[in-house]
Amino acid sequence: MDYQCPDCGNSIERAFSKNIATTAGIVGILFTSAFGGFHCKTCGKVPFSKFPIEVRKRMIKGTLLYIIAALLVLSFAIWVVINI
Ligand SMILES: [Zn+2]
């Protein structure tokens with residue numbers, strides 16, 4: 001997913017906590033990616049409201065995909081536990 005910083009035009013990365021990611025595995029990575037916010041390499045954290053509306057719509061879609069993926073992985077894990 002490619003987003004541009006509204007201030008400097010640099011590429012934006014989704015921030016996620018490495019601590020949670022290692023504890024909760026792939027579900028942690030997906031959830032923290034969904035809610036971790038957006039980071040510019042030069043400006044640091046960029047508030048969601050600073051992005052133009054078109055970009056925000058794309059971001060919301062991207063976030064939903066992360067959440068759906070996390071739920072799928074989670075339900076698969078539960079299914080495995082139930083069926084052991
Ligand atoms: Zn920037």
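This briefing covers the fold, packing and confidence of one chain.

The model is predicted: local features need pLDDT of at least 70, side-chain atom pairs count only at pLDDT 80 or more, and totals for chains, interfaces and linings use all residues. Residues are numbered from 1 along each chain as its sequence is written. The chain holds 2 helices and 4 strands. Along the sequence they follow the pattern β-β-α-β-β-α. Helices (H or I, at least four residues) and strands (E, at least two) are DSSP runs, numbered from the N terminus.

**Confidence**

- pLDDT is the predictor's confidence in each residue, from 0 to 100.
- The chain averages 84, and 90% of the residues score at least 70.
- Among the elements of the chain, α2 has the highest mean pLDDT (91).
- The lowest mean, 72, belongs to α1.

**Overall dimensions**

- The radius of gyration of the chain is 15 Å, while a compact globule of 84 residues would have one near 12 Å.
- That radius is taken over C-alpha atoms; the globule rule is 2.2 Å times the number of residues to the power 0.38.
- Along the principal axes, the C-alpha atoms fill a box of roughly 50 × 25 × 15 Å.
- Buried residues make up 13% of the 84 residues.
- A residue is buried if 20 or more other C-beta atoms lie within 10 Å of its own, exposed if 12 or fewer, and partly exposed in between, with C-beta atoms placed from the backbone.
- Of the contacts with a separation of 6 or more, 58% join residues 24 or more positions apart.
- Two residues are in contact, or touch, if their C-beta atoms, placed from the backbone, lie within 7 Å.

**The sheet**

- The 4 strands form an open sheet in the order β1-β2-β3-β4, with antiparallel pairing.
- β1 (3-4) and β4 (44-46) are the edge strands, and each pairs on one side only.
- Two strands pair if DSSP finds at least two bridges between them.
- β1 and β2 run antiparallel and are joined by 2 bridges. Gln 4 stands opposite Ser 11 in β2.
- These two strands form a hairpin with 6 residues between them, and Gly 9 in the turn has a positive phi of about 80°.
- Strand β2 (residues 11-14) pairs with strand β3 (residues 38-40) in the antiparallel sense over 3 bridges.
- In β3, Cys 40 is the bridge partner of Ile 12, and His 39 is that of Glu 13.

- Helix α2 (residues 53-82) has 30 residues and should span 44 Å at 1.5 Å a residue; its end C-alpha atoms are 43 Å apart, which agrees.
- The expected span is 1.5 Å times one less than the number of residues.
- The largest nonpolar core has 5 residues: Ile 29, Leu 30, Phe 31, Tyr 66 and Ala 70.
- α1 and α2 each supply at least two residues of this core. α1 gives the most, with 3 residues.
- Such a core is a set of buried Ala, Val, Leu, Ile, Met, Phe, Trp, Tyr and Cys residues joined through C-beta atoms within 7 Å.
- In soluble globular proteins, nonpolar side chains tend to be buried together.
- Leu 30 touches Tyr 66, Ala 69, Ala 70 and Val 73, not counting residues up to four places away in sequence.

**Loop residues**

- Ala 15 sits in the loop between β2 and α1 (18-35). Ala 15 is partly exposed because 15 other C-beta atoms lie within 10 Å.
- Leaving aside residues up to four places away in sequence, Ala 15 touches Gly 36, Gly 37, Phe 38 and His 39.
- Gly 37 lies in the loop between α1 and β3. With 16 other C-beta atoms within 10 Å, Gly 37 is partly exposed.
- Beyond its neighbours within four places in sequence, Gly 37 is in contact with Ala 15 and Lys 45.
- Gly 37 and Phe 48 are 11 residues apart along the chain, with their C-alpha atoms separated by 7.5 Å.
- Phe 51 belongs to the loop between β4 and α2. Phe 51 counts as partly exposed, with 19 C-beta neighbours inside 10 Å.
- Phe 51 touches Pro 6, Arg 56 and Met 59, not counting residues up to four places away in sequence.
- Phe 51 and Asp 7 are 44 residues apart along the chain, and 9.3 Å separates their C-alpha atoms.
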